[in-house]
Amino acid sequence: MNGRTPPSSLPPLPPFPVTSPRAPASARDVDGPTIPVRRGGSDKTDARAAVAELRRQIGDGGDAACVLVFFSPAYDRGDMLAALKEAFGSTPVFGCTTAGEITPFGYISNGLSGISFPAEDFMVHSALFEGLSQFQIANTIELTHQLVSQRHAQAQGRPGFGLLLVDGLSTREEQLVSAIGNALAGLPLIGGSAGDGLDFKSTVVLHGGRCVSDAAILLLMTTRRRFSVFKTEHFVPTEHKMVVTGADLESRRVFEINAEPAALEYARLVGLSHEALTPKIFAAHPVVVRVGGQYHVRAIQKVNPDNSLTFYCAIDEGLVLTVARGIDIVENLHELFRRLERETGPLDAIVGFDCVLRNLETEQRSLKAAVSDLFVAHRVTGFCTYGEQYMSMHVNQTFTGVAIGGT
């Protein structure tokens, strides 16, 4: 879905209000942004030093509607919260932990990346969904409707998009994104699931000066800029089919495939020994499911001691999966960026959510530097995820996000 709106449909109205207490700059009638979407990053291991470096790159938030910060779980969270408060004051700061960071200088690990959205072009409304383990669809839809109504009252007819950050260990992404996506009144939705490196122990989202687990953040971004939300993947199905014959939906564990122990049967189908199964193997040999005429990856997270497989997404008995093979990921990204530039004009920034398994695959295939260079060239900033959100779906092993152009 393309969220692009031509500049002619945005009349020179007074500047819209923002949730940040700072007043936006005057409205303007020019083709390009006066203030760019500022981007930064740091690989410093000390939280205060990393945030200080980010502040030097993106400013103190004085002219920002909000700041997004994606940070390594290795940082002390108390130090991170204190440093962000000191650096950005009362400017709203949202974010989450990562499985790797995408910065203006490429992929890094154990660091942080950040983005500042200028208040003269963006307005943000936010909601925190807590207690995902006790997920209730009615409450989620009601809170989303309230947020949409707040945005509508202030948006002056301008377009926007939703950005969703979810605790990546909550196992509630499917229910959450489906409920939110269906309540967004046509706004496109993208996002990512917070990561924890490859430890899978603790992930959090950042909202209101707190690091919160078992939670999600929904941001509704209103903008006068041209933008386009996107999803891309680089896999095609093979002839190898498998049927899930034993699974636990709650834990996302598959115990049997084709009535055989799951890990053993998967290994047989991809032509490997089950002892060789690692995250890099899962990245190189994903399985896909056909939904609505399209194939979507159902990524495997890990193999368990009992030869069951834990997935990054919902899985259930009777599901037919297909082993997929990869195509050229670099050319796939070239095609994506060419399309986005046609839709938005010159890119000011891309907020990107890149599955950690793509990161592992490119590393294994010695393509990580090439992908990183492409991200730098096309102004991508974001993080490596435990899954991605696109419209009303939770997906895996994809690159999703929003490309932002000028006015």
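Is arginine 339 buried, partly exposed or exposed, and what is its relative accessibility? At 27% relative accessibility, arginine 339 is classed as partly exposed, where buried denotes under 20% relative accessible area, exposed over 50%, and partly exposed the range in between (1.4 Å probe, protein chains only). The structure is a predicted model, in which local features require pLDDT of at least 70 and side-chain atom pairs count only at pLDDT 80 or more, whereas totals for chains, interfaces and linings use all residues. Residues are numbered from 1 along each chain as its sequence is written, and side-chain values use heavy atoms, with hydrogens and water left out.

Arginine 339 takes part in a salt bridge with glutamate 343, at an N to O distance of 3.3 Å; a salt bridge is defined as a side-chain nitrogen of Lys or Arg within 4 Å of a carboxyl oxygen of Asp or Glu. Both residues belong to helix 7 (residues 329-344) and are separated by 4 residues, about one turn of the helix. Helices (H or I, at least four residues) and strands (E, at least two) are DSSP runs numbered from the N terminus. Glutamate 343, with a relative accessible area of 15%, is buried. Salt bridges with shared partners join Asp121, Arg224, Arg225 and Asp348 into one network.

Aspartate 121 is located in the loop between strand 6 (112-118) and strand 7 (122-130), and arginine 224 in the loop between strand 12 (215-223) and strand 13 (227-232), so the pair ties together parts 103 residues apart in sequence. Both aspartate 121 and arginine 224 are buried.

In total, 19 salt bridges are counted. A further example pairs aspartate 63 with arginine 38, with the closest N and O atoms 3.1 Å apart. This pair links distant parts of the chain, 25 residues apart: aspartate 63 lies in the loop between helix 1 (47-58) and strand 2 (64-71), and arginine 38 in strand 1 (residues 38-42). Aspartate 63 is partly exposed at 27% relative accessible area, as is arginine 38 at 26%.

Strand 1 also contains serine 42, which is buried with a relative accessible area of 0%. The serine 42 side chain makes a polar contact of 2.6 Å with the side chain of glutamate 53; a polar contact is a pair of N or O atoms within 3.5 Å, where, within protein, one must be able to donate a hydrogen and the other to accept it, and residues adjacent in sequence count only if both atoms are side-chain atoms. Beyond its neighbours within four places in sequence, serine 42 is in contact (heavy atoms within 4.5 Å) with residues including Ala50, Glu53, Tyr75 and Phe105.
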